[in-house]
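Welcome, and thanks for taking a look at this one with me. Please keep the model open beside these notes as you read.

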Amino acid sequence: MVIAVENIVIDGPQRLVGKDGKTEFVVREATMKDLNAVVAINRAVLPENYPTWFFVEHLEQFPKAFIVAEVGGRVVGYVMSRVEYGWSNLLKGKPVRKGHIVSVGVLPEARRLGIATVMMLRAMKAMKVYYGAAEVYLEVRVSNTPAISLYEKLGYKVVGRIPRYYSDGEDAYLMACPL
Ligand SMILES: CC(C)(COP(=O)(O)OP(=O)(O)OC[C@H]1O[C@@H](n2cnc3c(N)ncnc32)[C@H](O)[C@@H]1OP(=O)(O)O)[C@@H](O)C(=O)NCCC(=O)NCCS
């Protein structure tokens, strides 16, 4: 599967085939009905867990950039985002509207199919088109090589390092990408 950003749909479900050439998945906006599954995936795959109201708040405020993926009708991954106004992470001293990828997760059995790539591309395109974001940023553990590789393939660059960002003391890379 090679999918260009021009082919990413941002106004309805999109059905695609994974990089294995056979697994079909659907990428779409999340709804309130998906939140139990999203919270469960977050708890299963990441140490950074949030209360349910935090997911609800993001879904209510930025529904176009809260994306899930389904395989066989089961939610297997999500990208939760927000859009903020603040200093650019790419152009020093410039105030911008910037997307923030808050949390990304894909269940282990659905990985390496391109699902995170498509969900990220959709969230990023939606941030730009619906919410006017000019750039996007995220934090990632400095040891999280799979995620860093995913983000680099999507065009993100490391623009900073935040000491002891995580509760266990690990540093984060701040990564950003123009939209
Ligand atoms: C990171 C994560 C979201 C990737 O999901 P995914 O659907 O498997 O990602 P994709 O299939 O779109 O992979 C895209 C690219 O990411 C990189 N990547 C993904 N998994 C990787 C791994 N285990 N090792 C190395 N690179 C990896 C690769 O460059 C991959 O491209 P390739 O398969 O052509 O080599 C998933 O592994 C995950 O949920 N991890 C735990 C949660 C997490 O770390 N979230 C990010 C926190 S900031």
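**Notes on the model**

1. Strands E1 (residues 14–17) and E2 (residues 24–29) pair in the antiparallel sense over 4 bridges. Strands here are DSSP runs of E with at least two residues, helices are runs of H or I with at least four, and both are numbered from the N terminus; two strands pair if DSSP finds at least two bridges between them. Glutamine 14 stands opposite valine 27 in E2. The hairpin has 6 residues between its strands, and glycine 21 takes a positive phi near 80° in it.

2. A word on the ground rules. This is a predicted model, in which local features need pLDDT of at least 70 and side-chain atom pairs count only at pLDDT 80 or more, while totals for chains, interfaces and linings use all residues. Residues are numbered from 1 along each chain as its sequence is written.

3. Now the whole chain. The secondary structure comes to 4 helices and 8 strands, following the pattern β-β-α-α-β-β-β-α-β-α-β-β along the sequence. The chain is as compact as a globular protein of its length, because its radius of gyration is 15 Å, close to the 16 Å that the globule rule gives for 179 residues. That radius is taken over C-alpha atoms, and the rule is 2.2 Å times the number of residues to the power 0.38. The C-alpha trace spans about 45 × 35 × 30 Å along its principal axes.

4. Most residues other than glycine have a negative phi. Arginine 112, in the loop between E5 and H3, has a positive phi near 60°. Arginine 164, in the loop between strand E7 (157–162) and strand E8 (172–178), has a positive phi near 50°.

5. Are these two arginines buried or exposed? Arginine 112 is exposed, because it has 12 other C-beta atoms within 10 Å. Arginine 164 also counts as exposed, with 10 C-beta neighbours inside 10 Å.

Technical notes: Buried ≥ 20, exposed ≤ 12 C-beta atoms within 10 Å, placed from the backbone.
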